[in-house]
Amino acid sequence: MRKIFGIVFLPLLLLGCATSYPLDLLKISENNLQLRSLQTRHFDTLDEEKIITASAEALQDIGFAIANSETKLGFMLAVKDVDATQKGQVVGAVFFDILSAAAGVSSNYYGQADAVQRIRASIIIKPSNDEKQTTVRITFQRLVWNKMGLLSRIESIKDEEMYQAFFEKLSKSVFLEEHKI
């Protein structure tokens, strides 16, 4: 009797737990395609080592330090630490802390204000589909720590100027590497 119960009702129970997904779950959004085109460039060379060297030089030119590099895999990670303190945020936090103290309530808005941010640049380098070019894709992320030293935010950077500045430096660096200047 137990076996029959298990065979009949267990599948029905599991079907009741199934979730449905929206039909467009795996559809790529227009914003995602625009961001990818901003992050990707193709170079007319198959020499990945030159591209990796040129990428490292371009990142260093805009203030990044290479944190990790796997040249055989075409991967590079670079970081840059920047002050994240914003005067308006600090003034507002101090103001609310003073108001809280006047009301007899404990608060620490100042400790939650941004203090330090680290910008991460991740680069993937691979041969292009047409076998005559090398593709470079870079993504920038921002990690922010508050005044208490806690990580408060991680976000992708979608600043067009930042990507353009990197690719301009990279193009010049690839040209210099190519012509051994």
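Helices (H or I, at least four residues) and strands (E, at least two) are DSSP runs, numbered from the N terminus.

**Before you look.** This is a predicted model, so local features need pLDDT of at least 70 and side-chain atom pairs count only at pLDDT 80 or more, while totals for chains, interfaces and linings use all residues. Residues are numbered from 1 along each chain as its sequence is written, and side-chain values use heavy atoms, with hydrogens and water left out.

**View 1. The whole protein, from one end of the sequence to the other.** The protein has five helices and six strands, and they follow one another as α-α-β-α-β-β-α-β-β-β-α. Buried residues (under 20% relative accessible area, with exposed meaning over 50% and partly exposed in between; 1.4 Å probe, protein chains only) make up 29% of the 181 residues. Among contacts (heavy atoms within 4.5 Å) with a separation of 6 or more, 62% join residues 24 or more positions apart. The accessible surface, from the Shrake-Rupley method with a 1.4 Å probe, where for residues only the protein chains shown count as cover, comes to about 12700 Å², and 58% of that belongs to carbon and sulfur atoms.

**View 2. How confident is the prediction, and where?** The average pLDDT (the predictor's confidence in each residue, from 0 to 100) is 79, and 66% of the residues score at least 70. Confidence is lowest in helix 1 (residues 2-17), with a mean of 59, and highest in strand 2 (residues 65-70), at 92.

**View 3. The largest nonpolar core.** A nonpolar core is a set of buried Ala, Val, Leu, Ile, Met, Phe, Trp, Tyr and Cys residues joined through side-chain atoms within 4.5 Å. The largest one here holds 26 residues, of which Leu59, Ile138, Phe140, Phe166 and Leu170 touch the most other members. Two or more residues come from each of helix 2 (30-39), helix 3 (48-61), strand 3 (75-83), strand 4 (114-127), strand 5 and helix 5. Take a moment with isoleucine 138: leaving aside neighbours within four places in sequence, this residue is in contact with Gln39, Leu59, Ala121, Ser122, Ile123, Tyr163, Phe166 and Phe167.

**View 4. Aromatic rings in pairs.** A pair of aromatic rings is described by the distance of the centres and the angle of the planes. Rings of Phe, Tyr and Trp (its six-membered ring) pair if their centres lie within 6.5 Å; planes under 30 degrees apart count as stacked, over 60 as edge-to-face and the rest as tilted. By this rule there are three aromatic pairs. In one of them, phenylalanine 140 and tyrosine 163 sit edge-to-face, 4.9 Å centre to centre with 65° between the planes. Phenylalanine 140 lies in strand 5 (residues 134-146) and tyrosine 163 in helix 5 (residues 160-178), so this pair ties together parts that are 23 residues apart in sequence. Both of these residues are buried. Phenylalanine 166 and phenylalanine 167 also form an edge-to-face pair, at 5.1 Å centre to centre and 65° between the planes, and both are buried. Look too for the cluster in which ring pairs link Phe64, Phe140 and Tyr163.

View 5. Threonine 40 belongs to strand 1 (residues 40-43) and is buried at 17% relative accessibility. A polar atom of the threonine 40 side chain lies 2.8 Å from the backbone oxygen of arginine 36. Threonine 40 and valine 136 are 96 residues apart in sequence, with their C-alpha atoms 5.6 Å apart in space.

**View 6. Serine 173 in helix 5.** Serine 173 is found in helix 5 and is buried, with a relative accessible area of 6%. What joins the side chains of serine 173 and glutamate 57? A polar contact of 2.8 Å does. Serine 55 is 118 residues away from serine 173 in sequence and 7.6 Å away in space, C-alpha to C-alpha.

Key:
Polar contact = N/O pair within 3.5 Å; in protein donor to acceptor, adjacent residues only side chain to side chain.
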